[in-house]
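Subject: Structure for your review

Dear colleague,

Please find below the structure that I am handing over to you. My notes on what was found in it follow directly after.

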Amino acid sequence: MSLRYNCLFLVDSVAALGGTPICMDDVCIFCTEDFFCYTDRATKIGQLISSYLEKKSNLEDHTVHLLFSANRWEMVPLMKQKLEQGISLVVDRYAFSGVAFTSAKPGFSLEWCMNPDMGLPKPDLVIFLQLNPSMAANRGEYGIERYETSAFQRTVQQRFEELMQDSSVNWKVIDAARTIEEVHNDIKLLSEDIISLAENQPVGELWR
Ligand code: 2DT
């Protein structure tokens with residue numbers, strides 16, 4: 001299977017993938033240059049966010065939300081360039097994490113949180129890796145960064161469930177409590193289907 005298709009799909013969850021490589025036969029998440037990871041901590045905006053997440057600095061809640069969104073928008077020209085070349089993109093976290101996490105804070109509505117990301121390239125498929133917060137806590141270096149508390153993660157999970165009610169987005173939920181091979185296999189099947197369906201389709205605009 002070649003990657004020369006016009007497809008944008010992403011993987012999102014309360015715990016995302018925690019940097020775990022999931023290699024498929026031809027699509028290699030975390031190994032391909034056509035993989036985008038948000039937060040992209042390499043850019044200047046990403047470095048501000050990274051310092052905030054590592055609790056080395058504090059940022060006002062609206063401000064950091066807008067920075068997360070800006071970190072996606074700054075990569076849009078490159079994403080579009082690749083999509084226009086017919087290259088499929090795999091994205092780890094995207095606007096859905098942005099909305100789920102900020103709206104888990106007191107005083108933030110889903111609507112306010114969605115606004116800055118409206119019009120981003122729309123994913124053809126969103127794979128949500130379902131893992132309960134206590135299992136997620138046992139993976140990776142959980143508990144070190146900001147947001148990594150069970151109470152907050154439970155609220156984030158509820159916000160994701162609200163976002164999944166939106167039928168304009170192609171959500172697929174995968175049970176991530178199984179083995180990496182089983183999760184891999186499910187992602188592979190979903191990816192192959194969407195890559196052929198999205199071929200030659202124009203890229204949509206998120207939440208518009
Ligand atoms: P990682 O553990 O995946 O690096 O995420 N987050 C992420 C937000 O609050 N808003 C966003 O827009 C994005 C992309 C999720 C670090 C934390 O940052 C949160 C967990």
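In which loop is Lys 55 found? Lys 55 belongs to the loop between H1 and helix H2 (61-73). The model is a predicted one, and in it Lys 55 has a phi near 65 degrees, a positive value in a residue other than glycine. Most residues other than glycine have a negative phi, and most peptide bonds are trans. Lys 55 is also exposed, as 10 other C-beta atoms lie within 10 Å.

Trp 207 is not a glycine, yet its phi is positive, at about 60 degrees. Trp 207 is located in the segment after strand E9 (204-205) and is partly exposed, with 17 other C-beta atoms within 10 Å. Thr 39 sits in the loop between E4 and helix H1 (44-53).

Confidence and overall make-up

The average pLDDT of the protein chain is 83, and 84% of the residues score at least 70. Over residues 1-6 the pLDDT is below 50, and this stretch has 19 contacts in the model beyond near neighbours in sequence. The pLDDT is also below 50 over residues 14-31, a stretch with 38 contacts in the model beyond near neighbours in sequence. Where pLDDT is low, the predicted coordinates should not be read in detail. For the model, the scores are ipTM 0.98 and pTM 0.88.

The protein chain contains eight helices and nine strands. Of its 208 residues, 35% are buried. Among the contacts in the protein chain with a separation of 6 or more, 79% are between residues 24 or more positions apart.

The nonpolar core

The largest nonpolar core has 36 residues, and those with the most contacts inside it are Phe 96, Val 99, Ala 100 and Ile 127. At least two residues of this core come from each of helix H3 (76-84), strand E5 (89-92), helix H4 (95-102), helix H5 (110-114), strand E7 (125-130), helix H7 (150-163) and helix H8 (180-198).

Helix H7

The buried residues of H7 are Gln 153, Val 156, Arg 159, Phe 160 and Leu 163. Seen down the axis of H7, these buried residues fall within an arc of 115 degrees, so they line one face of the helix. On the other side of H7, Ala 151, Gln 158 and Glu 162 are exposed. The buried residues of H7 pack against H4, H5, E7 and helix H6 (133-137).

Strand E7 is one of the elements against which H7 packs. Five of the six residues of E7 are buried, so this strand is largely enclosed by the rest of the structure. E7 pairs with strand E8 (residues 171-175) in the parallel sense over five bridges. Within that pairing, Ile 127 has Lys 172 in E8 as its bridge partner. Ile 127 is also among the residues with the most contacts inside the largest nonpolar core.

Gln 130 is placed in strand E7. This residue is partly exposed, with 16 other C-beta atoms within 10 Å. Gln 130 and Ile 174 are 44 residues apart along the chain, while their C-alpha atoms are separated by 5.8 Å.

In a regular strand the side chains alternate between the two faces of the sheet. In E5, Leu 89 and Val 91 point one way and Val 90 and Asp 92 the other way, and all are buried. E5 pairs with strand E4 (residues 35-37) in the parallel sense over three bridges. Here Val 90 in E5 is the bridge partner of Phe 35.

The end of helix H3

Glu 84 has its place in helix H3. With 10 C-beta neighbours inside 10 Å, Glu 84 counts as exposed. Glu 84 and Asn 200 are 116 residues apart in sequence, and from C-alpha to C-alpha they are 9.5 Å apart in space.

Yours sincerely,
A colleague

Methods. Residues are numbered from 1 along each chain as its sequence is written. This is a predicted model: local features need pLDDT of at least 70, side-chain atom pairs count only at pLDDT 80 or more; totals for chains, interfaces and linings use all residues. A nonpolar core is a set of buried Ala, Val, Leu, Ile, Met, Phe, Trp, Tyr and Cys residues joined through C-beta atoms within 7 Å. A residue is buried if 20 or more other C-beta atoms lie within 10 Å of its own, exposed if 12 or fewer, and partly exposed in between; C-beta atoms are placed from the backbone. Helices (H or I, at least four residues) and strands (E, at least two) are DSSP runs, numbered from the N terminus. The arc is that of the directions from the helix axis to the C-beta atoms. Two residues are in contact if their C-beta atoms, placed from the backbone, lie within 7 Å. Two strands pair if DSSP finds at least two bridges between them. pLDDT is the predictor's confidence in each residue, from 0 to 100.
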